[in-house]
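Subject: Structure for your review

Dear colleague,

Please find the structure below, together with its sequence.

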Amino acid sequence: MTVSPALDNRFREAAAAAGLLDVAYDLTDSPIGTLLLATTDRGLCRISFDPQPDREAEWLARTFGVRVLRATKPVEPVRRQLNEYFEATRTLFELPVDLRQSAPFSREILERLARVPHGETTTYGALARAAGRPQAARAVGTVMNRNPIPIVLPCHRVVGANGSLVGYAGGLERKEQLLKLEGALDNTLL
Amino acid sequence: MAFLSVPPFESFYEQHRDAVLGELRRLLGRERAEDAYQETFLKALRAYGSLRNADNLRAWVMTIARRVAVDQLRRREASPPDPEPAVDSRPAYAELGELADDLPRKERAAVVLRYGYDLSYAAIGAALGSSEDAARQAASSGVRRLRRRMQ
């Protein structure tokens, strides 16, 4: 007995509308590949590249609670703003984020990162200095590498002191694509 | 990171939904099974966060489904279905969430689930953790509040 898509969707959206979910997630297409988007009642909590939904659901369940379900509506604002960003009609994300799973240092760095404007870049060292930890450039690199919400928290805007792209959890090619989209690539030495 | 005592709800749901629907159709027939399906999984979802282990999840959800079916059969025998509260013009689905946005939480959920997702009051009760009657009350006082506001 196979459940029809209509019946299935009705349950998923009703569960979300009733406020019964710890996490709602969905997949979306983008110019840099399929993305998985996840939100809690506090805000956006995860964006992942090349997602394996089963593994992501496990991580989300461990981190935010087991009531994890794919549902379209709760992630709609995120999907819409990302589409606008990729169409180059949006330069600023207006989305609450849920960083409760991040350690205090990570959270502080990610919050500073969120204020690096579209079209500009900063360096690992500059972020470390801004946080009052000038020696912590490497630790900042680790925080960038584990950024749970790439694109919206723009770790692609963080480059090496000499302007090299250094690294990106989603692959350097994507970092380059995002910076190109933002018109920020000219400022860096490639 | 917490140890997971049960799998993410998504995998539980995917694994058991077909069997649940099959059982409900067998007990209630095709039409009525759909409503009971919503009620069953909303009940399961409410309880899911406090499950201690993943033993016999199939048996657990089937028990919920059968209880829902039995309740539904009893209700139909006991009383004719209540007439719907008269809503002059049902707000279009897309506007509903926004319209209902600043209703009290329970009323908002009841209104959206009833008129947006066409769920039965029994299923809405399951979602809200209250009775069918309380769900009906919440929806109708939400609708009254909306009407007053729109006048």
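Two residues are in contact when heavy atoms lie within 4.5 Å. On that basis, residues 24 or more positions apart account for 67% of the contacts in chain B with a separation of 6 or more.

Please note that this is a predicted model, in which local features need pLDDT of at least 70 and side-chain atom pairs count only at pLDDT 80 or more, while totals for chains, interfaces and linings use all residues. Residues are numbered from 1 along each chain as its sequence is written, chains are lettered from A and ligands numbered from 1 in the order in which they are written, and side-chain values use heavy atoms, with hydrogens and water left out.

Chain B

Chain B has 7 helices and 0 strands (DSSP runs numbered from the N terminus, helices being H or I of at least four residues and strands E of at least two). Its pattern along the sequence is accordingly written α-α-α-α-α-α-α. Of its 151 residues, 45% count as buried; buried means under 20% relative accessible area, exposed means over 50%, and partly exposed lies in between, with a 1.4 Å probe and protein chains only. The chain exposes about 8,100 Å², of which carbon and sulfur atoms supply 48% (Shrake-Rupley method, 1.4 Å probe; for residues, only the protein chains shown count as cover).

The interface

How many residues of each chain are in contact with the other chain? The answer is 28 residues of chain A and 35 residues of chain B. The size of an interface is often given as the accessible area lost when the parts come together. Here chain A and chain B bury about 2,900 Å² between them, with 64% of it on carbon and sulfur atoms (the accessible area, 1.4 Å probe, that two parts lose on being put together, summed over both). A:Met1, A:Arg10 and A:Phe11 supply 24% of the area that chain A buries against chain B, more than any other three residues.

There are 2 salt bridges between the chains, a salt bridge being a side-chain nitrogen of Lys or Arg within 4 Å of a carboxyl oxygen of Asp or Glu. One of them joins the side chains of B:Arg17 and A:Asp8, at 3.0 Å from N to O.

Aromatic rings

Over all chains there are 17 aromatic pairs. Rings of Phe, Tyr and Trp (its six-membered ring) pair if their centres lie within 6.5 Å; planes under 30 degrees apart are stacked, over 60 edge-to-face, and the rest tilted. The pair of B:Tyr48 and B:Trp60 is tilted, because the ring centres are 6.4 Å apart and the planes stand at 45 degrees. This pair links distant parts of the chain, 12 residues apart: B:Tyr48 belongs to helix 2 (residues 30-48) of chain B and B:Trp60 to helix 3 (residues 57-78) of chain B. B:Tyr48 is buried, at a relative accessible area of 0%, whereas B:Trp60 is partly exposed, at 22%. Both belong to one aromatic cluster, which also includes A:Phe11, B:Phe9, B:Phe12, B:Tyr13, B:Tyr37 and B:Phe41.

Two arginines also sit over rings. The charged end of A:Arg133 lies over the ring of A:Phe105, 4.6 Å from its centre, and that of B:Arg114 over the ring of B:Tyr115, 5.8 Å from its centre. The criterion is NZ of Lys or CZ of Arg within 6 Å of the ring centre and within 35 degrees of the ring normal.

Yours sincerely
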